Amino acid sequence: MRVPLSWLKEFVNLDGFSVEEIAEKITLAGSEISSIETTGGDIPGVIIGKITSVHKHPDADKLSVCKVDVGDGDTLSIVCGAPNVKEGIYVPVAMIGAKLPNGLTIKKASIRGFESNGMLCSRTELGYEELEGVYGIWILDEDIEKVNADKDSILGNSLSTIVGSTDHIFNVEITANRGDLVSIIGFARECSLVLERRVSIPSVNTYDAAGGNIDITIENTDSCYKYVGRLIKDITVGPSPDWMQKRLIMCGINPVNNIVDVTNYVMLEYGQPLHAYDFDKIKDGKIIVRNARNGEKITLLDGREIELTDEVLVVADSEKPMGLAGVMGGDFTKIENDTKNILIESAYFDHIAVKKSTIATKTKTDASYRFERDIDHTLTLAALNRVVDLIVTLDNSCKIASRSKEVNVKQFDANIIVFDCGLVKRYLGLNMSKMEISSIFKRYGFKAVALGENNLKVEIPYYRHDLSIAEDLIEEIARVYGYNNISTNVPHIKCNPINTDYAEVSFVKHRMASYGLYETKQYSMGDSNVFKAMGIEEEKLIKVVNPLTNEMDVLRPTTLASLLNSAAYNHNHRHKNGALFEVGNIFYKENENFIEEKHLSAVMFGLYQEKLWNKEARAYDFFDMSGVIEELLIRDLKCTDYNLVPKEHKWFIPTMSGEIVIFGEKIGIIGRLHPKLLKLFDISGEVYFLDIDIRKTLKLVKERVKKQKLKDIGKYPAVFRDLALVCSNDIEFSKVIKSITKFNNIIQNVSVVDRYVGEQVEEGKQSIAISITYYDPNKTLREEDINSVEKSLLEMLKTRFDINLRS
C-alpha cells in the first residue's frame, strides 16, 4: 500500500522525525516499509520552458530541433527525440549541469551536427509515474491551468511551481491478517503507537434528510452482514479538485470524476470500500444482495463481460446484477457525465465470500484487497458520512435525498481476552508489572481492566480482528517494547533420549530394500469406515479431533490399509507387479490405554518374474514372502529360534495363514490375503502380507541372541548331503528342521532347498528337499559315520513325523 507522508500528517503529528526514521521504526515494529519514493519539489537545474518552434532534423527522421524559451529572453536550441513535441507547449527543461533523479547529468552535446543545450524531460525521467496512454515529454499545459498560474510569467520558474512541494510515499507491505493497516487512518494509528504521538481524526459533517426510504434486501445473510445506502440527487459530474487527483495518483489510483474519486479517496482514507450507482438506472430502485444465478452475465467497469456462477456474491436490482459485491461495479450503473441521482453504497461483506468471487471471476481490485483482509465493520456508516460530506463540499448544489438506510443482519460480540501478566516473563523474559502492561494496552486503544491478582481483562477494538488469544497480545507488547530491545538468551532445552533403535531400524530398511522390496511412506491416519470393514473393533480406534479429511478421521491401527491403497494405486497406473514395505507406527486402544507400536509390514502382488524367452512367468507366492522374513530374522538378525506356526486369521485364506514366532513369542503374522478383504480396495489377484512388531523383534533378538565370537574355521572338511523328504502338506516343517538340527552334534546346519507338489507325489503330500551340513571339529568324517547318522535320522523322522525318503 502507498501512503503519502503529507496525507499521513493530517492525522498524526510527525514533526521531529525524518522520513528514514519513521520507516525504520515502523519496520522494526513489524509493519515493513519496503521503499520510500520522493515526489514533487525542486529538481535543481530543471525549469519550465515553452517550445517556440520545431523543425525536423535533416539527418534523422525521429529527431527534432526545438527552440525553447526559458524566460528572461533566453532561447535554447535543444535536439529532442520525443514524438509529441510541438510548437507552443510548455515543457520541463533540464539545463546544462542539472542532475536528474535517475542519475543522469545533463551536458552540452552535438547530435548529428546540431548543438543541444539541454534536455526536454518526460515524467519518468523526473521521477514521476508515466500517465496511461501518454508517451514522450511531459506537457505541462494542463498542470499550469490547474494551479491558475500565469503562463507568461511562469517561464524559467522551478518545477515545484506546478507540482507542489516535496512529498514522500511509503510503500508498505501489508500482511493478510492486518486489515486495520489498509488505510491512511489505520497507518496513522500504527505511527501513533510506535512513535508515541497522538492520532487525531477530524470530525465529519453529518446531514439530515427527511423521507427517501431506500429499498435494501440482504438475501445471503452469511456473506453480507451490513449494508448502508444513501441517496443524493441533482449532482453535477465533473473532474475532482487537483489536490484530490494528486493524492489518488500518488496512491496508484487514476482519477475518473468527482463522484468516483470521492469514493476511492475515502476508501484510501478509512479502509472502507464504497461504490456509487446511477440511481436512475436501478430497476424499481431496489438493492438486493444475493448470490448470482448460474449463467447470469454482467459487463464490469473494466469492459469485460463475464458469466457468473452461484459462488459469486452480487449486488442486484430487481432484474439483474449491478456489480460484484466487494469487488467491482457493473458498467450499466456507472457514474457518467449526465448522471444526476446517485446511490452511495457502504457495506460489510464477508472476506471469504469476496475471496471466492475474486477467484471465480479472476478479478482483483483495491476494494477486494481490503475486504479480503477483513475490514472494520464499525466504519461502514462513518465512511459513508465522509463521502457525503466531501460530495456536498465539492458540489453544494446537490441535494441529500434520504437518510442513511442501514441494514444489519449480524450482531458482533465484543472480543475479550483474559491476559495472564506472567506470560510476559515466560515468553519475552521481561519483568513487567501489571500497571506497565496495562499502559501498553491503552496505547493501542485497548480497554484493560484488572481481573484478579495477576490478570487483565482486555477488550480488543473491532479493527484488530487478528488478535484472539493471549499470545497475540504478547506479540503486541513485544512490538511496542522493541524486538531489538529484548535480550538474547540461549534457552534451556531438555532433550528426550535418542531413540536407541534408530540404527537397527535403518539396518532393517536397507536389508528389506536389498531383497527387492520398495519402501513406501504413508500417513499415520486412515478411514474409520475402512478399518471397521476390515473387522477392527470401533472401540480400538483412536479418533483424530480435527481431521484433515473424512478419510483421515482416526489413527491407523494397522499398516495393511495403507499398503493396499498403495498397491491399488500402482495397479490402477499399470504397475501390476510389485513388492512394497513400510516401517511405521500403528495406534490402538486397549482397556482405555493408548498403545503405539512400530511395525515392519510388506505386501507382494502380481508377478515375481515376467515371461522371458527361456523362462516361464512366475507369480509371487507364500514362500517368497516367508523367504523374506526368514532371510531377515535368521541370516541378518542372527535369530536362532524362529518358527512359522500355522494359524488362521480373519484377513487371510485359512490354508495360507500363519504366525511368526521367535524364542517362543509371537511377533507377527503372514499369509495370503482373502479376496473379500481385497475387494474393499478394488484389488483382484493374489496379495501376500507380512506384519511384525519390529521393536519387539529387535528387543528379543538383542536379549536372546549371543554375541558372535570369532572361532577357528576348522581343519577338517565339511560334508554336504541332500535329502528329498515326502511329508504331509499340513506339517509344520520348522519343527522338523529343529529336530534334525538337534539330532546329532555333527549336524551343523539344515536348510530347505526346494518344495515340489505334483504327479510324482501322492495327493495330500509334498516333497521337500533339504541340505544337511555334517562337520566334526575333531576329525575327518568317514562315509560310514555319516551313513550311520543318516539312517538313524530317517528312522526318527518316520517315527515322529511320518516322513519318508522320496524314492
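In which sense, left-handed or right-handed, does helix H20 cross helix H21? The passage of H20 across H21 is right-handed. The model discussed here is predicted.

## The H20–H21 crossing

Helix H20 spans residues 733–743 and helix H21 residues 783–801; their axes come within 11 Å and cross at roughly 145 degrees. On the H20 side, the contact is made by Lys735, Val736, Ser739, Ile740 and Phe743. H21 contributes Val789, Ser792, Leu793, Met796, Leu797, Arg800 and Phe801. Classified by residue type, this contact comprises 8 nonpolar, 2 polar and 2 charged residues.

## Helix H13 and its surroundings

Helix H13 covers residues 470–481, and its 12 residues reach 17 Å from first to last C-alpha, close to the expected 16 Å. The helix is mostly covered, with 9 of its 12 residues buried. The buried set consists of Ala470, Asp472, Leu473, Ile474, Glu476, Ile477, Ala478, Arg479 and Val480.

The elements covering these buried residues include helices H5 (184–195), H11 (422–428) and H12 (434–444), together with strands E23 (415–420) and E25 (455–460).

Strand E17 (residues 313–316) is covered on both faces. Leu313 and Val315 lie on one side, Val314 and Ala316 on the other, and all are buried.

E17 pairs with strand E14 (residues 286–291) in the antiparallel sense over 4 bridges, and Ile288 stands opposite Ala316. Strand E18 (residues 321–324) also pairs with E17 in the antiparallel sense, over 3 bridges. Within that pairing, Leu324 is the bridge partner of Val314. E17 and E18 form a hairpin, with 4 residues between the two strands.

Methods:
Residues are numbered from 1 along each chain as its sequence is written. This is a predicted model: local features need pLDDT of at least 70, side-chain atom pairs count only at pLDDT 80 or more; totals for chains, interfaces and linings use all residues. Side-chain values use heavy atoms; hydrogens and water are left out. The expected span of a helix is 1.5 Å times one less than its number of residues. Buried means under 20% relative accessible area, exposed over 50%, partly exposed in between (1.4 Å probe, protein chains only). Contact means heavy atoms within 4.5 Å. Axes are lines fitted to C-alpha atoms, for helices over the stretch in contact, and angles run from 0 to 180 degrees between N-to-C directions. A crossing is left-handed if the near helix is turned anticlockwise from the far one by less than a right angle, and right-handed if clockwise. Ala, Val, Leu, Ile, Met, Phe, Trp, Tyr, Cys and Pro count as nonpolar, Asp, Glu, Lys and Arg as charged, and the others, Gly among them, as polar. Two strands pair if DSSP finds at least two bridges between them.
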